[in-house]
2 protein chains.
Amino acid sequence: MKIKREDLETLDRADPLARFRAEFDLPKGVVYLDGNSLGAPPRRTRERMRRVVDDEWGGGLIGSWTGDTAWMELPRRVGDKIARLVGAAPGEVIACDSTTVNLYKALSMALAVDPKRRVLLSDRGNFPTDLYVARGLVEQLGGLHEVMLVDPGEEGIEEALARRGGEVAVVFLTHVNFTTARMYDMARVTAAAHQAGAVVVWDLSHSAGVVPIDLHGCDVDLAVGCGYKYLNGGPGAPAYLYVARRLQHLGQPISGWMGHARPFDFSGSYEPAASVSRYMSGTPAVLSLAALESSIDLALEAPMDEIRRKSVALCDAFIALVDAHCADAGLELVSPRDGRARGSHVSYRHPRSAQAMQSLLAGGVIGDCRPPDLLRFGFAPLYLRYADVGEAVGRLAQACRVPVRAE
Amino acid sequence: MKIKREDLETLDRADPLARFRAEFDLPKGVVYLDGNSLGAPPRRTRERMRRVVDDEWGGGLIGSWTGDTAWMELPRRVGDKIARLVGAAPGEVIACDSTTVNLYKALSMALAVDPKRRVLLSDRGNFPTDLYVARGLVEQLGGLHEVMLVDPGEEGIEEALARRGGEVAVVFLTHVNFTTARMYDMARVTAAAHQAGAVVVWDLSHSAGVVPIDLHGCDVDLAVGCGYKYLNGGPGAPAYLYVARRLQHLGQPISGWMGHARPFDFSGSYEPAASVSRYMSGTPAVLSLAALESSIDLALEAPMDEIRRKSVALCDAFIALVDAHCADAGLELVSPRDGRARGSHVSYRHPRSAQAMQSLLAGGVIGDCRPPDLLRFGFAPLYLRYADVGEAVGRLAQACRVPVRAE
């Protein structure tokens, strides 16, 4: 595939999502290819933060927990909005805590489903915090469980389930791998886990908001995800936890007052809420939830099929341009060429990845490095233009070659 | 004690903390006596939020995690500032997660000190979430432990320790009781716990920022607290966890990447940081931490001895005025009259507490109700005037009597 500058401009003119770029604040002269790590701020978030600080907190004070502002309802209200992005029903998602804490809850719950099963199955390429949480939980529970890791991919998981399925309590995987961008077939793996009698926990951090997800269609048990990547909720935004309604009888280990059926009764005994609210622990982070809500409202204005189409097209264009212009630059694609098996970022191995990224950053192209030698570029369809892709590849060709000549 | 309006005005004119009121945004015509539940917004927080959203997030994007803005350092930097308010050393406090989640970590750590000890000792009046967390943890760990509750007070705790001290793993208490405002003698109870071989976990939610606390002087092991009461960090502000340096070899159960020695190595194996950072789990909530930092910077400008002196004086004046003007209003004081044994709020039993509070709120005096029949009033010395106390008691006298006559 050969792509010219004019082609990119034509694509931008025809882009049905073009209007969304104006909804974001992006510094001049910057091509931001790191929205997969920290999404850019929607303009409306600025006004929303002013309102929550000045009017709701300053004006309404303690009264804002109830009434029109209804801070108490934020975790469920934002959760219901996230539910629409990931194919869940209202009342199945709660926005709270960090991804790490929510994963800890989800794995704890998964182990409670059938206590005779003692294996937590994942892949070696899973995001480190996911593996840390699993191992930490195993240690806390006395070392009776085993974290079993296989190579990434459906086959590895299925093979492990075939061998040891009767022992597997939970299969926990990240939907889109944070380095390679390889995307699991959620329906296939979930079905295989269920076939073996295990439950699944999907981490949607690198896919929600940019890849169509159908938790219900895939009959997913539990899922977690983060709010600050493609959801643009701001640095350290609240995360979320999905619990299929059929599993909402399960308790979670961090029993706090906000998970109580009636927190303001201040009862001495814990009675978990008869709803997804039972998966909350402490007081909702109102300021952060307000920022997250404003960015999710924006995301919900864009049709997911258009987001996905543009995401694949941006990545395809990037790969094609690198093929065409960086043939001798020492870049080796580690992400799938087939857009159907890929999330919304693209990674290349490069022998001097850190120097190349320094050079890119100096030229205003923001991506990042991941160990050991990866250059990683994320494509957020709401605020990126096809022209940005052309600009980025031009800079990348220079950035990869210059150090070679200098040596 | 007889207090007149002129006395209150004289006290306000002589108040060495008077300048701090102008640092806060308070609605006109409101007397805010609920800062013990949700602190009022400092004016500077508004500007800080604008900066973190527009300049740091919008302008610096992913780069703001490092460099001048140093988001990565926020949990420790804010923790070190909180340390100055509670008598801890730098490197002993980390700002993260909710009070509930931090208490869960702290109790888990406390149980690890001597696994043969199986009793978690507290008082029946402790804040419900503290009791829920303990019971949830016991349940998660297989029911081998026991949560033992006694009546509030040093004697009850000491008596329990005398009887069963050899079994007690941890004494966990809230420093200032959320209903009665009764304050524990932290040094005495901590010494008694240590004498019995147990560790202590203090919940400072209702005392930090308004009562002098000397965690080091009292040789406290572990403590937690919330950021949104007297610390004025905003609704659902990040909480904090204190771990005495001598105990920082202890691990915690929610092992996430931010507790890793080198999070950005993305190593497959978990190596906890050799510092208080190991008590973090997920990604820091930057927007909320920025708000909390700005309000703590403000609190650190005020001398703690002046804060305490004014806090006691405000509460004393309130009680004296209620004695003088509400003698027949059906109010029964449940807080200590002795300021030395009291935090910074005052509670009264009243047969129609809910109606009385409705009437107060309608008149612009904001306090709250706590079950079963308490009227609760908090006194935040940084933004309250003595004149506010006079105004509040005037309204209270009306609010308590009117419903009586109407019946």
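Start by selecting Ala70(B), in the loop between α2 and α3 of chain B; helices here are DSSP runs of H or I with at least four residues, strands are runs of E with at least two, and both are numbered from the N terminus. Ala70(B) has a positive phi of about 50° although it is not a glycine. Most residues other than glycine have a negative phi, and most peptide bonds are trans. Ala70(B) counts as partly exposed because it has 13 C-beta neighbours inside 10 Å. The scale calls a residue buried with 20 or more other C-beta atoms within 10 Å of its own, exposed with 12 or fewer, and partly exposed in between, with C-beta atoms placed from the backbone.

Before moving on, note that this is a predicted model, where local features need pLDDT of at least 70 and side-chain atom pairs count only at pLDDT 80 or more, while totals for chains, interfaces and linings use all residues. Residues are numbered from 1 along each chain as its sequence is written, and chains are lettered from A and ligands numbered from 1 in the order in which they are written.

Next, pick Phe266(B), in the loop between β8 and α8 of chain B. Its phi is near 50°, again a positive value in a residue other than glycine. Phe266(B) counts as partly exposed because 16 C-beta neighbours lie inside 10 Å.

Now select residues 286-300 of chain B, which form helix α8. Its 15 residues reach 21 Å from first C-alpha to last, close to the 21 Å expected at 1.5 Å a residue; the expected span is 1.5 Å times one less than the number of residues. α8(B) is mostly covered, with 12 of its 15 residues buried. Among them are Val286(B), Leu289(B), Glu293(B) and Ala299(B). What do the buried residues of α8(B) pack against? Show α8 (286-300) of chain A, along with α2 (43-60), α3 (74-86) and β2 (93-95) of chain B.

Colour the open sheet of chain B next: 7 strands in the order β2-β8-β7-β6-β5-β3-β4, with mixed pairing. The edge strands are β2 and β4 (146-150), each pairing on one side only; strands pair if DSSP finds at least two bridges between them. The twist averages 20° from one strand to the next. Zoom in on β7 (222-225) and β8 (240-243), which run antiparallel and are joined by 4 bridges. Gly225(B) stands opposite Tyr240(B) there.

For the last stop, find Pro371(B) and Pro372(B), joined by a cis peptide bond with omega about 0°. Pro372(B) lies in the loop between β12 and β13 (374-378) of chain B. In chain A, a cis peptide bond joins Pro371(A) and Pro372(A), with omega about 0°.

Notes: Contact = placed C-beta atoms within 7 Å. Axes fitted to C-alpha atoms, helices over the stretch in contact; angles between N-to-C directions.
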